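User: Can you walk me through this one? I'm new to reading structures.

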Amino acid sequence: MHELANLRALPSVDQMLSAPDVAPLIERHGRSMVTDALRALLGEIRKGVRAGGTLPMPGDVFASLLSRLEYLDRSNLRPLFNLTGTVLHTNLGRALLAEEAVAAAVDAMREAAALELDLDTGKRGERDSHLRALLCNLTGAEDATVVNNNAAAVLIALGTVGEGREAIVSRGELIEIGGAFRMPDIMERAGVRLVEVGTTNRTHPSDYSKAIGPDTALILKVHTSNYRIEGFTAEVSGADLAAIAREAGVVVVNDLGSGTLVDLSHFGLAREPMVREAIADGADLVTFSGDKLLGGPQAGFIVGRQDLIAEINRNPLKRALRLDKIRIAALEATLKLYRDPDRLAERLPTLRMLSRPEGEIRAQAERLRPAVAAIVAEHGLQVETRACRSQIGSGALPVDTIPSAGLRIAGNSGSRLEALAAALRSLPRPVIGRLTEGALVLDLRCLSDEAGLLDSLSQVGHGLD
Ligand SMILES: *Cc1c(COP(=O)(O)O)cnc(C)c1O
């Protein structure tokens, strides 16, 4: 009887919907979403009361409704703090775009643009034309085209040049990039027959020339971006490969993976193959990513010989792999920044973060330590500043880590640390660190908004354990 009386005291969905303080929620989330949330919430309360629980106060019902709606409204793609120490983190969306690229993308989203219209002649234009001149200029290539990502670039380049024929690859370069990108599989999908030459550690010019036969369409060179073979090794240079291929009348395709348009040693980083060099060495086609070291949105570039690029553009797959105006606009703005290399590290977030000096990051860690320590002390955890090492990520220069600094959070309870990491992930603006060797390390290389980080951390709930 007592429960029934209790349940009668519970407002109905309709009563709640017409309550004055619910009106702004309807305004914000829409009647249908608020109604569904209320139904679910009142249903749960009823169940709880029937099971012997007490009836919540009306204010509590309202607070539950509010947090439920906020939770439902929250996107998994909401901005977060990448404190993993991996600058181009594939799981966290790789490169952050330059403000110029963001603005160009926003304009393209909001307004009509001459994507496939030549504004000079009034005739039909080509969507890749917005990038072609820039790409040729920055790489020294004759022609250029662009597709969805570098995996797509490799797929369409191989398929166009070599379908039904053979492609020669060194056994030292048959890479897996993670996920479903394994070079032999991509080649199979592209319809080319893989001919492996050399050994894991050593491949010589004669290995290639001996393998070339009447069915050979191309030699594929792959940048071993995510591992390094050291010791007794030999690989054939791009220039030597080009000479061998030219003599035999076959094509060289060079998959650079990340590739870069500038010499990274100017920014204090280890060298990564430059697209311009691969072209100068005589590769017929070079493929590379838009959202790795280049620092733009996801895309795959193919630059090289005009006749081959024209063939790629005629491949029906090109239509399936093409880019939309938003990404083309962002790419154009990103590539334009490369015309002024002196200001590149200022304007391109990827380069800015990668070239941040260790001392500056350490000073930032020392500045933040007391406030972070006060926050995590409530959970029985301690913080110290620590030297650590960042990674470029996305397979670029995996062995060459960059000295960095961060906050090392630890305590004597591993489960408490896990609970903290989970709580940080569920914040309105999540904080993603790295759990390693009994500590949660927050590498500050990618942090610019210090106040924002402290604000987020201060929202971690009490009593984690
Ligand atoms: C990263 C990478 C790819 C795939 O590029 P996406 O842009 O991620 O599709 C292909 N080849 C190499 C060598 C790579 O490093």
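Analyst: A word to start with: buried means under 20% relative accessible area, exposed means over 50%, and partly exposed is in between (1.4 Å probe, protein chains only). The model is predicted, so local features need pLDDT of at least 70 and side-chain atom pairs count only at pLDDT 80 or more, while totals for chains, interfaces and linings use all residues. Residues are numbered from 1 along each chain as its sequence is written, and side-chain values use heavy atoms, with hydrogens and water left out.

User: Which residues of H5 are buried?

Analyst: Val61, Leu65 and Leu69 are the buried residues of H5. Seen down the axis of H5, they fall within an arc of 70°, so they line one face of the helix. The arc is that of the directions from the helix axis to the C-beta atoms.

User: Where is H5, and how many residues does it have?

Analyst: H5 covers residues 58-73 and has 16 residues. From its first C-alpha to its last it reaches 23 Å, close to the 22 Å expected at 1.5 Å a residue. The expected span is 1.5 Å times one less than the number of residues. Helices (H or I, at least four residues) and strands (E, at least two) are DSSP runs, numbered from the N terminus.

User: What covers the buried residues of H5?

Analyst: The cover includes helix H2 (13-17), helix H3 (23-29) and helix H4 (31-50). Contact here means heavy atoms within 4.5 Å.

User: Back up a bit. How many helices and strands are in the protein?

Analyst: The protein has 20 helices and 15 strands. Of its 465 residues, 48% count as buried. Its C-alpha atoms fill a box of roughly 95 × 55 × 40 Å, taken along the principal axes.

User: Now the ligand. Which residues come nearest?

Analyst: Ala151, Ser225, Asp255, Ser289 and Lys292 come nearest, out of 13 residues around the ligand. A residue is near if one of its heavy atoms lies within 4 Å. Helix H8 (150-162) and strand E8 (251-257) each supply at least two residues of that shell.

User: Which atoms are involved at Ser289 and Ala151?

Analyst: An N or O atom in the side chain of Ser289 is 2.6 Å from an oxygen atom of the ligand. At Ala151, a backbone N or O atom lies 2.9 Å from an oxygen atom of the ligand. Taken alone the ligand exposes 380 Å², and the protein buries 95% of that. Those areas come from the Shrake-Rupley method with a 1.4 Å probe; for residues, only the protein chains shown count as cover.

User: Different topic. Is Leu331 buried or exposed?

Analyst: Leu331 is buried, with a relative accessible area of 0%. Leu331 lies in helix H15 (residues 325-337). Leaving aside neighbours within four places in sequence, Leu331 is in contact with Leu131, Val146, Pro297, Ala299, Phe301 and Leu323.

User: How many residues apart are Leu331 and Leu131 along the chain?

Analyst: They are 200 residues apart along the chain, and their C-alpha atoms are separated by 7.6 Å.

User: And Lys221, buried or exposed?

Analyst: Lys221 is buried, with a relative accessible area of 10%. Its place is in strand E7 (residues 216-222). The side chain of Lys221 makes a polar contact with the side chain of Glu173 (3.3 Å). A polar contact is a pair of N or O atoms within 3.5 Å; within protein, one must be able to donate a hydrogen and the other to accept it, and residues adjacent in sequence count only if both atoms are side-chain atoms.
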